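Hi everyone, thanks for making time this morning.

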Amino acid sequence: MKIVVAGGDGFCGWPTALYLSQKGHDVTIVDNLVRREIDVELGSNSVTPILPLEERVAAWKEVSGKDIEVRIADLTDYDAVASVFQDIEPEAFVHFAEHRSAPYSMIDREHAIENHRNNVEGTLNVLWAIKDYAPDCHLVKLGTMGEYGQPNIDIEEGWIEIEHKGRKDRLPFPKQPGSFYHLTKVHDSDNIMFACRIWGIRATDLNQGVVYGLETEETRLDPRLVNRFDYDAVFGTALNRFIIQAAIGHDLTVYGNGSQTRGYLNIQDTVRCIEIACENPADRGEFRVFNQFTEQFSVQELAEKVQKVAKDLGTEVAIDHLENPRVEKYDHYYNAVNTNLLDLGLEPHLLTDEHLTEVLKIAQNNTDRVKRELVMPTVTWK
């Protein structure tokens, strides 16, 4: 299958591109390398030393014998997007190419606007290019469980049956996003659903939980293929950030009382979910939603897991509760449905002490790259 992985230089996109290539698909990475530019802007870096994209792809060719084409292009440039679809004629377009950080979108007005411009405009360009040049292409779009917020009812997979004043309908599940970034994902979902309805586009919206971990079978093949490892308070996800804090002997900084609960999944399951979606495409005109996570944890539970593993490795770290820079509920109900991907064959990698130990050891081996001033939050919602 000819598959474009947009955002293929990023934390989720890179291992996905390798995985799909290893499975025999004809993979093209499209990326504008902006994530590396944001590192420069924030004065941050990946804990793991990652090579330039062209060198990463060359290393993959050397290790696997398989080619991955690279297109340096920006999805907000419609001519560039149109060229990708005309030249490659993809059967599936995997869309990771968005600014993925809630704190980044909350820095100030300019960042909120740029977040919307990049994410919403880029997705609109992809939709128009599919309509104009590849109407049978399956759009596999990475959304987020954060679109739903923290409702006091079970979170269904994108749709909910409603009975109101004697009438019934199947409607999109209500959205209560928690940042301007999450709002861009809601706008994307609405735009994609509309395009499916009026143009007959086929699309799968993967509402992904918080991704943790680092390595996949493919990235483990050679040190030059290592995935990026974000740890700063802007782009570092909760579990990975705790691991870095433990590696440098820093208190594990839990926001508020730590009862905030979310869905999580291993990066190894991210790549498998993408494969499942690509190989089981939506029908023409279908807007399909899968909730892409495997387990639910509170932030406090994650911190305690990391604290235990660190202690087993000889490092004692405390858990420190900070004033929450975000605006979110505590001690809330959270129960999300995630059966669609499981029914299609996903076999989850669960969060074990062995996995945490592996990642913590990698972090400990790279502590010289950690900029300690970046592990504490500086962006506040209010």
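A word on the ground rules. This is a predicted model, so to speak of local features we need pLDDT of at least 70, and side-chain atom pairs count only at pLDDT 80 or more, while totals for chains, interfaces and linings use all residues. Residues are numbered from 1 along each chain as its sequence is written, and side-chain values use heavy atoms, with hydrogens and water left out.

Let's start with helix H2, residues 34-42. Helices here are DSSP runs of H or I with at least four residues, strands are runs of E with at least two, and both are numbered from the N terminus. Which residues of H2 are buried? They are Arg35, Ile38 and Asp39. Buried means under 20% relative accessible area, exposed means over 50%, and partly exposed is in between, using a 1.4 Å probe and protein chains only. Looking down the axis of H2, the buried residues fall within an arc of 110°, so they line one face of the helix. That arc is taken from the directions from the helix axis to the C-beta atoms. The buried residues pack against helix H5 (102-105), where contact means heavy atoms within 4.5 Å. On the face turned away from the buried side, you'll find Glu37 and Val40, both exposed. After H2 comes Gly43, with a positive phi near 70°.

Our rule for a salt bridge is a side-chain nitrogen of Lys or Arg within 4 Å of a carboxyl oxygen of Asp or Glu. By that rule, the count comes to 28.

Glu98 and Lys185 meet at 2.8 Å, N to O. This pair links distant parts of the chain, with Glu98 in the loop between strand S4 (92-95) and H5, and Lys185 in helix H7, 87 residues apart. Glu98 and Lys185 are buried. Next, Lys141 and Asp188 form a salt bridge at 3.1 Å, N to O. Lys141 sits in strand S5 and Asp188 in helix H7, so the pair ties together parts that are 47 residues apart in sequence. Lys141 and Asp188 are both buried. Finally, Glu328 pairs with Arg262, their closest N and O atoms being 2.9 Å apart. Glu328 is partly exposed at 21% relative accessible area, and Arg262 is partly exposed at 22%.

How many cavities of 30 Å³ or more does the structure hold? There are 3. On a 1 Å grid over the protein atoms alone, a cavity is a set of points where a 1.4 Å probe fits but cannot get out, and lining residues have an atom within 4 Å of a point. The largest cavity has about 80 Å³ of space; volume here is the space filled by probe spheres set on the points, with grid points joined across faces, edges and corners. Its lining includes Glu147, Ser189 and Phe287, and H7 gives the largest share, 3 residues. The second largest cavity has about 60 Å³, and Pro103 and Trp381 are among its lining residues.

Terms used:
1 Å grid on protein atoms, 1.4 Å probe; cavity = no way out; pocket = protein on both sides within 12 Å on 5 of 7 lines; lining within 4 Å.
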